[in-house]
Amino acid sequence: MNNKNKIFSQIKGKLVVSCQALPGEPLHSPYIMGRMAYAAYLGGAAGIRANGIEDIKEIKKTVDLPIIGIIKKVYEGSDVFITPTEKEIDLLYNEGVDIIAIDGTGRIRPDGKTIGQVFPKIREKYKDQIFMADCSTYEEGIEAYKLGFDCIGTTLNGYTKYTKGQTIPSLELIGGLVRDLDIPIIAEGGIWTTGDLKNVFNLGVHAAVIGSAITRPMEITKRFVTAIE
């Protein structure tokens, strides 16, 4: 079994937990993310999604699970912020992240190009790396597949300007990608309940990522407070 198949088999039918806290958020700290990842591991998570090299290094000390790594970085003039340039890919690759997730939308990147223009070069440079495309629409998922991504996430559905306001998780989007593509589809975004999780797995997704509903206590608290206001 090659490395790619091994990683995908480890998360097949399982839950990946996203352990992230941005600067300005109460839990922003590599140490805290390491403990969060360990708690997720004890709870049965089969993989971790993490942001930034410092957090990833700390998480690796606490758990031996496949890591989907990203680097969130805002560049002026571009809405693309999930692993937006080759600089961030280099950092993640050199850290030995199992899966590198990058923005797979059709939006213009910081270098003024589209994913269709930049990914062939990225694929050629990092031949042995598993790449995940964070997409927001069916068309973007199809494009990512044609470009040679190894797996597709529905991460950005509801978060791009042209999908904002859509109900997530979009079972129509997820189901369409699962039906029409023969690479792993990873459901991510808007999975708040066990019912949501069962629904996406019933569509045949390879794995699912949950972040806010597990690892962001401020957002979880807000949901409960809103319910009683």
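1. What covers the buried residues of α2? In this predicted model, the cover includes β1 (14-19), β2 (47-51), α3 (53-62) and α9 (212-215).

2. Helix α2 runs over residues 30-42. At 1.5 Å a residue, its 13 residues should span 18 Å, and the end C-alpha atoms are 18 Å apart, so expectation and model agree.

3. The buried residues of α2 are Met 33, Gly 34, Met 36, Ala 37 and Ala 40. Viewed down the helix axis, they fall within an arc of 160°, and therefore line one face of α2. An α-helix has 3.6 residues a turn, so residues three or four places apart point the same way. On the face turned away from the buried side, α2 carries the exposed residues Tyr 31 and Leu 42.

4. Both ends of the helix deserve a look. After α2 comes Gly 44, which has a positive phi, near 110°.

5. On the cysteines: the structure has 0 disulfides. Cys 19 is in none, and the nearest cysteine sulfur, that of Cys 151, lies 18 Å away. Cys 19 counts as buried because its relative accessibility is 0%, the cut-off for buried being under 20%.

6. Cys 135 is buried, with a relative accessible area of 1%.

Notes: Residues numbered from 1 in each chain as written. Predicted model: local features only at pLDDT ≥ 70, side-chain atom pairs only at ≥ 80, totals over all residues. Heavy atoms only, no water. Helix = DSSP H or I, 4+ residues; strand = E, 2+ residues; numbered from the N terminus. Expected span 1.5 Å × (residues − 1). Buried < 20%, exposed > 50% of the residue type's maximum accessible area, 1.4 Å probe, protein only. Arc of directions from axis to C-beta. Contact = heavy atoms within 4.5 Å. Disulfide = S-S within 2.5 Å.
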